[in-house]
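Have the model open in your viewer and keep the sequence beside it. We'll walk through it piece by piece.

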Amino acid sequence: MDLHLTFKNTFIVSSVEAFRVQKHYLVRVRSQDGVEGTVTVNNRLAYIWPILQQIVAPYFIGKDARDLDKLVEGIYTYRS
């Protein structure tokens with residue numbers, strides 16, 4: 001799915017945060033324009049938290065979230 005066709009405005013990522021509320025793990029992403037989205041993720045986040053904080057979040061900052069497919073592919077080669 002081409003998110004550029006669905007969402008006309010860019011969504012340049014300014015922050016990626018992970019946190020826990022009771023037994024639920026959440027990830028919140030904010031854009032430079034102040035738009036934000038929050039998703040519930042499974043409990044594996046507890047194990048991959050350092051990867052999210054040290055690799056995934058910094059890689060996404062400054063990029064357009066509409067390019068999600070390319071961003072996910074790029075994580076594998078980032079800082080390698």
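**A walk through the model**

Let's begin at Asn42, which is partly exposed at a relative accessible area of 42%. On the scale used here, buried means under 20% relative accessible area, exposed means over 50%, and partly exposed is what lies in between, with a 1.4 Å probe and protein chains only. Asn42 sits in the loop between E3 and H2. Its C-alpha is 6.5 Å from that of Tyr25, although the two residues are 17 apart in sequence.

Some ground rules before going on. This is a predicted model, numbered from 1 along each chain as its sequence is written, and local features need pLDDT of at least 70, while side-chain atom pairs count only at pLDDT 80 or more. Totals for chains, interfaces and linings use all residues, and side-chain values use heavy atoms, with hydrogens and water left out.

Now the overall layout. The protein has three helices and three strands, and along the sequence they follow the pattern α-β-β-β-α-α. These elements are DSSP runs numbered from the N terminus: helices are H or I with at least four residues, strands are E with at least two. The C-alpha trace spans about 35 × 30 × 25 Å along its principal axes. Of the 80 residues in the protein, 26% are buried. Take the contacts (heavy atoms within 4.5 Å) with a separation of 6 or more: residues 24 or more positions apart account for 35% of them.

What about the inside? A nonpolar core here is a set of buried Ala, Val, Leu, Ile, Met, Phe, Trp, Tyr and Cys residues joined through side-chain atoms within 4.5 Å. The largest one has 13 residues, and those with the most contacts inside it are Val16, Val27, Leu45, Leu52 and Phe60. Strand E1 (13-21), strand E2 (24-31), helix H2 (45-60) and helix H3 (68-75) each supply at least two residues of this core. H2 gives the most, with five residues.

Val27 lies in strand E2 and counts as buried at 13% relative accessibility. Leaving out residues up to four places away in sequence, Val27 touches Val16, Glu17, Ala18, Gly37, Thr38, Val39, Val41, Leu45 and Leu52. Val41 is 14 residues from Val27 along the chain, and their C-alpha atoms are separated by 7.1 Å.

Not counting residues up to four places away in sequence, it touches Ser15, Val16, Glu17, Phe19, Glu36, Gly37 and Thr38.

The loop between E1 and E2 holds Gln22, which is exposed with a relative accessible area of 69%. Check its backbone: phi is near 55 degrees, a positive value in a residue other than glycine. Most residues other than glycine have a negative phi.

On to the rings. Rings of Phe, Tyr and Trp (its six-membered ring) pair if their centres lie within 6.5 Å; planes under 30 degrees apart count as stacked, over 60 as edge-to-face, and the rest as tilted. A search of the whole structure finds two such pairs. Tyr59 and Phe60 form an edge-to-face pair, 6.1 Å centre to centre with 75 degrees between the planes. Tyr59 is buried at 12% relative accessible area, and Phe60 is buried at 13%. Ring pairs link Tyr59, Phe60 and Tyr78 into a cluster. The charged end of Lys63 also sits over the ring of Tyr59, 4.3 Å from its centre; the test is NZ of Lys or CZ of Arg within 6 Å of the ring centre and within 35 degrees of the ring normal.

On a 1 Å grid over the protein atoms alone, where a 1.4 Å probe fits, a pocket is an open set of points with protein on both sides within 12 Å along at least five of seven lines, and lining residues have an atom within 4 Å of a point. Grid points are joined across faces, edges and corners, and the volume is the space filled by probe spheres set on them. The largest pocket has about 920 Å³ of space. Of its 31 lining residues, the closest to the centre are Val27, Val29, Val39, Phe60 and Leu68. E1, E2, strand E3 (36-41), H2 and H3 each give two or more residues to that lining, and H2 gives the most, with seven residues.
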